[in-house]
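Here's a quick briefing on one model, put together for someone who likes cut-offs spelled out. Have a look at the structure first, then walk through the notes below it.

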Amino acid sequence: MKSSVHPQQAWTVYVVWSPLLMIKGGPLEHNYRLKQFHFHWGAIDAWGSEHTVDSKCYPAELHLVHWNAVKFENFEDAALEEHGLAVIGVFLKLGKHHKELQKLVDTLPSIKHKDTLVEFGSFDPSCLMPACPDYWTYSGSLTTPPLSESVTWIIKKQPVEVDHDQLEQFRTLLFTSEGEKEKRMVDNFRPLQPLMNRTVRSSFRHDYVLNIQAKPQPSTSQVTP
């Protein structure tokens, strides 16, 4: 695996492909292969996630980006087409220390600056997933350029816990290269977007509303069972 910092975006982990790093089922008609995973976070713990639940923000959100390996020959083509990508979103909330995440956090001092890269050994991304299988899903776009309408979003209902020190390590990263005036990598999330005509479905009987929009709408138009 390789871990790197991208300008204007996030801290990203690129994975070496393995048959174990595939997802299927649920809202997906094909097998999707994990390409990379990355995080978005805020300058403080009051915000940072790219989705909200009942208008509640989380301090960070993990995205595991998969591509349709059945319909497309490569990630780049899949990222531009409908049903090309599937992104699993996982909320991070303040709580107990996350032992497995710490293995990644320990690499951050090595990739503090823009476009830096470090290689590290094996890591199983499934350790970052919550135990609860419940999720919301909708068809949407990438939250970073080129913003293609190519994503089946799968947002996990249950957040995972990380401690304050681990989140603070995220905030030590920089948008700038070594030698440039330092600009901290914080608030690297896209603001909530209009729902438009999208339908948000859930795998469970919902008591919550997943928000992907800036302006409130009647709950019947936000979530359809």
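The protein exposes about 11,400 Å², and carbon and sulfur atoms supply 51% of that area; accessible areas come from the Shrake-Rupley method with a 1.4 Å probe, and for residues only the protein chains shown count as cover. Keep in mind that this is a predicted model, where local features need pLDDT of at least 70, side-chain atom pairs count only at pLDDT 80 or more, and totals for chains, interfaces and linings use all residues. Residues are numbered from 1 along each chain as its sequence is written, and side-chain values use heavy atoms, with hydrogens and water left out.

**Overall build**

- The protein has 225 residues, and 48% of them count as buried (buried is under 20% relative accessible area, exposed is over 50%, and partly exposed is in between, with a 1.4 Å probe and protein chains only).
- You'll find four helices and 13 strands here; both are DSSP runs numbered from the N terminus, with helices being H or I of at least four residues and strands being E of at least two.
- Among contacts with a separation of 6 or more, 65% are between residues 24 or more positions apart, where a contact means heavy atoms within 4.5 Å.

**Salt bridges**

- A search of the whole structure turns up four salt bridges, each being a side-chain nitrogen of Lys or Arg within 4 Å of a carboxyl oxygen of Asp or Glu.
- As background, side chains of opposite charge can pair when their charged atoms come close.
- Arg171 pairs with Asp45, and their closest N and O atoms are 2.7 Å apart. Arg171 sits in the loop between α3 (164–170) and β12 (201–202) and Asp45 in the loop between β4 (28–41) and β5 (52–53), so this bridge ties together parts that are 126 residues apart in sequence.
- Arg171 is buried at 2% relative accessible area, whereas Asp45 is partly exposed at 25%.
- Arg198 forms a salt bridge with Glu149, with 2.8 Å between the closest N and O atoms. That pair links distant parts of the chain, 49 residues apart: Arg198 is in the loop between α3 and β12, and Glu149 is in the loop between β9 (135–140) and β10 (151–156).
- Lys103 is partly exposed at 47% relative accessibility, and Glu100 is partly exposed at 26%.

**Around Glu149**

- Glu149 is partly exposed, with a relative accessible area of 49%.
- Leaving out residues up to four places away in sequence, Glu149 touches Glu82, Gly140, Ser141 and Arg198.

**Negative patch**

- Glu73, Glu76, Asp77, Glu81 and Glu82 gather in a patch of negative charge on the surface.
- For the bookkeeping, patch residues have over 30% relative accessible area and no salt bridge, with like charges joined within 9 Å and nonpolar side chains (Val, Leu, Ile, Met, Phe, Trp, Tyr) within 5 Å.
- Lys and Arg count as positive and Asp and Glu as negative, while His and the chain ends are not counted; each charge is placed at NZ of Lys, CZ of Arg, CG of Asp or CD of Glu.
- Asp77, one of the patch members, belongs to helix α1 (residues 75–78) and is partly exposed at 39% relative accessible area.

- Most residues other than glycine have a negative phi, and most peptide bonds are trans.
- The peptide bond from Pro145 to Pro146 is cis, with omega near 15 degrees, and Pro146 is in the loop between β9 and β10.
- Ser55 has a positive phi, near 65 degrees, without being a glycine. Ser55 lies in the loop between β5 and β6 (60–68) and is exposed at 60% relative accessibility.
- Asp187 is not a glycine either, yet its phi is positive at about 55 degrees. Asp187 is located in the loop between α3 and β12 and is partly exposed, with a relative accessible area of 35%.
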